[in-house]
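Grab a pencil and work through these exercises with the model open beside you.

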Amino acid sequence: MLVVLSIAGFDPSGGAGVLADIKTFAALGCFGAAAITSLTSQNTTAVYAAYHQPPEVLRAQLEPLMSDFDIAAVKTGMLPTRASIEIVATTIERHQLTNVVVDPVIRSTSGYDLIDDGAAAFLAERLLPLADLMTPNMAEAAWLTRMKVEDLDGMQQAARQLYEQCQAVRLKPTARCAVLITGGHLADEAADVLYDGSETRIFRAPKILTRNTHGTGCTLSSAMAALLAQGCDTPEAVRRAKDYVVAALRTAPNIGHGAGPLNHSVMSDE
Ligand code: PLP
């Protein structure tokens with residue numbers, strides 16, 4: 001079985017972070033492993049606090065996995081400090097990890113900052129150039145490119161710009177640096193834009209009107225990691241990951257008093 005690793009935050013409510021990630025890996029037929037960067041206090045209504053793990057604790061979680069497993073893909077989510085970003089970047093370089101999916105998590109939908117001041121810029125220069133795929137949402141893409149990203153046109157321009165920014169750094173010649181900007185916050189459709197250095201592709205889906213959207217970004221990026229691990233090319237992985245997320249949104253368990261979680265156990269043809 002293919003092992004896929006999530007390096008991300010812990011959301012005790014199970015909707016986002018490593019719990020969402022490993023449920024997604026399992027639903028898509030992979031074996032999930034996880035290293036925790038921050039223990040958060042949250043539920044479906046708000047994030048209350050985040051207790052970032054010291055660098056040595058993150059390193060101590062990763063090293064035994066690296067010496068034991070062949071990692072077929074890695075997904076990074078909440079990396080709240082410069083130190084955690086540096087450890088992840090060094091791990092990717094030292095162990096030549098492939099199928100690296102970076103979800104540049106900056107702020108929760110409820111408005112809680114999930115990364116320290118200054119660390120987001122470091123993430124952009126140190127980790128994004130090591131990614132085979134990055135999956136910012138529109139707000140994250142705007143932050144990372146300093147561009148306006150408010151519609152499909154803006155998403156396409158930002159995807160190209162982000163790709164060029166990463167290619168210019170060239171920390172790892174084999175990194176593909178494809179950019180998938182997710183458009184769940186577009187007004188009337190849920191269109192995602194993929195730019196891989198040669199072609200821009202738009203993946204459209206009807207917008208699902210639901211309050212149960214907590215962890216949608218975590219879930220999509222994890223689905224991408226699992227599908228890339230299985231050998232899908234990037235466009236095929238986007239199509240299948242999107243189908244999975246749509247099915248998980250449609251069958252959401254409808255729990256909690258705020259933005260509820262998705263149904264990660266859904267089969268993508270349900
Ligand atoms: N908690 C953790 C640990 C996360 O990684 C994320 C997003 O990536 C969130 C919370 C926020 O999720 P959402 O914005 O979907 O509420």
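**Exercise 1.** Find R146 and decide: is it buried or exposed?

*Solution.* R146 has a relative accessible area of 64%. Buried means under 20%, exposed over 50% and partly exposed in between, with a 1.4 Å probe and protein chains only. R146 is therefore exposed. Next, place R146 in the chain: it sits in the loop between α5 (138–145) and α6. Helices here are DSSP runs of H or I with at least four residues, strands are runs of E with at least two, and both are numbered from the N terminus. Finally, check the backbone: R146 isn't a glycine, yet its phi is positive, near 60 degrees. For background, most residues other than glycine have a negative phi.

A word on the source: this is a predicted model, where local features need pLDDT of at least 70 and side-chain atom pairs count only at pLDDT 80 or more, while totals for chains, interfaces and linings use all residues. Residues are numbered from 1 along each chain as its sequence is written, and side-chain values use heavy atoms, leaving out hydrogens and water.

**Exercise 2.** Check whether the length of α3 fits its residue count.

*Solution.* Helix α3 covers residues 82–94, which is 13 residues. The expected span is 1.5 Å times one less than the number of residues, so α3 should span 18 Å. Its end C-alpha atoms are 18 Å apart, which agrees. Q96 lies in the loop between α3 and β5, and is exposed, with a relative accessible area of 64%.

**Exercise 3.** Which residues of α3 are buried, and what do they pack against?

*Solution.* Start with the list: S84, I85, I87, V88, A89, T91 and I92 are buried. These residues pack against β1 (3–10), α2 (55–68), β4 (71–76), β5 (100–102) and α4 (119–127). Now look from L127: leaving aside neighbours within four places in sequence, its contacts (heavy atoms within 4.5 Å) include I85, V88, A89 and I92.

**Exercise 4.** Describe how α5 and α6 meet.

*Solution.* First, the axes come within 10 Å and cross at roughly 50 degrees. (Axes are lines fitted to C-alpha atoms, for helices over the stretch in contact; angles run from 0 to 180 degrees between N-to-C directions.) Second, name the arrangement: under 35 degrees is roughly parallel, over 145 roughly antiparallel, 65 to 115 roughly perpendicular and the rest oblique. So α5 and α6 are oblique to each other. Third, the residues: M138, A141, L144 and T145 of α5 meet M155, A158, Q161, L162 and Q165 of α6.
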